[in-house]
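Colleague: Before I rely on the words used for this model, I would like to hear what stands behind them. Please take the terms one at a time.

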Amino acid sequence: MRALLALLLLVVSAAPGWAAGPLTYNLKPVAIAPDTWVFEGTREHFTRTNGGNILNPGFIVTDDGVIVIQTGPSRRFGEEMRAAIATVTDKPIRKVFISNLHPDYWLGNRAFADVPIAALPGTIEGIKAEGQGMTENMYRLVGDWMRGTEPLVPTETVYGSTVVFGAHRLRLIPLEGHTAADLAILDETTGVLFAGGVVFSDRTPTTPHADIGQWLAALDALDALKVTVLVPNHGRIRSDTAAIAQTRDWLTWLGRSLRERAEAGADMAELLDAPIPERFAGMGVLREEYRRSVSHLWPRIEKAVLPRVN
């Protein structure tokens, strides 16, 4: 009997998502510029092992209080994030900014319910329309990490403007392409760009709400900025803008490849295992995200191409 129990324990402990003791994200703020910290996520999919921790949320400590950018994938994450911020400063949270409607950006909002939570109008409308479904899907994907998480829609609408908190001038930049509303934030004081959902760094872009043409235009807008540190929504933080070029390269190849295959009369099943150029081999979850992008983008591309083919 003891041998059987030991074997069962070994099997359970090796199962995906199993962890001894209480679940914790073990968040550690990483300083990237004066007054500016980031919590670095993994370059993976949502899993029961990572609890949805695949984003790079951050915060800026100003004389007027703390500015938080994204709240993470769960209430637990938001609470741990707030506790980690308190290890850096005792200043109060002044405001939270949410960049788009994807669940890893805002499902930690309940931990910040006592402060203004700001987002673009399109993000607010998107969360109202899809937030409950996204929350339920996250429960299915990451399980117990989500306990106590309920949708909380941002409470303040923002547009393109420059706002000042203490010595920090934050330029709010409304974009679109990754979703219908993507908020990038440039701290003009330090040169740190929080690129919202628009830039990926060594991680394959996600496309469930994407419009490639609009997305490429957004990348051009960001590339024109004076940036010293770029914080992508997913992937490695950089001291240059190479991640913008990498994201543009992927989207350009993806859109052109799908269109050419549609014009050649291919069907979607043929595309799922199509070769991917070697230059993209170092990007995280490459084949998985490519296949997801095919399923997201193919119907629209095929519909646009078919009248010309016929």
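Modeller: I start with the pocket: on a 1 Å grid over the protein atoms alone, a cavity is a set of points where a 1.4 Å probe fits but cannot get out, whereas a pocket is an open set with protein on both sides within 12 Å along at least five of seven lines; lining residues have an atom within 4 Å of a point. This is a predicted model, in which local features need pLDDT of at least 70 and side-chain atom pairs count only at pLDDT 80 or more, while totals for chains, interfaces and linings use all residues. Residues are numbered from 1 along each chain as its sequence is written, and side-chain values use heavy atoms, with hydrogens and water left out.

Colleague: What makes up the lining of the second largest pocket?

Modeller: D211, I212, G213, G255, R256, R259, L297, R300 and I301 line it, so by the definition each has an atom within 4 Å of a pocket point. Helix 5 (212–223), helix 6 (242–263) and helix 8 each give two or more of these residues. A helix here is a DSSP run of H or I with at least four residues, a strand a run of E with at least two, and both are numbered from the N terminus.

Colleague: What makes strand 9 and strand 10 a pair?

Modeller: Two strands pair if DSSP finds at least two bridges between them. Strand 9 (residues 168–175) and strand 10 (residues 182–187) have 6, in the antiparallel sense, so they qualify. L172 stands opposite I185 in strand 10.

Colleague: How do you know that strand 5 and strand 6 pair?

Modeller: Strand 5 (residues 93–97) and strand 6 (residues 117–119) share 2 bridges, in the parallel sense; the definition asks for at least two, so they pair. F97 stands opposite A118 in strand 6.
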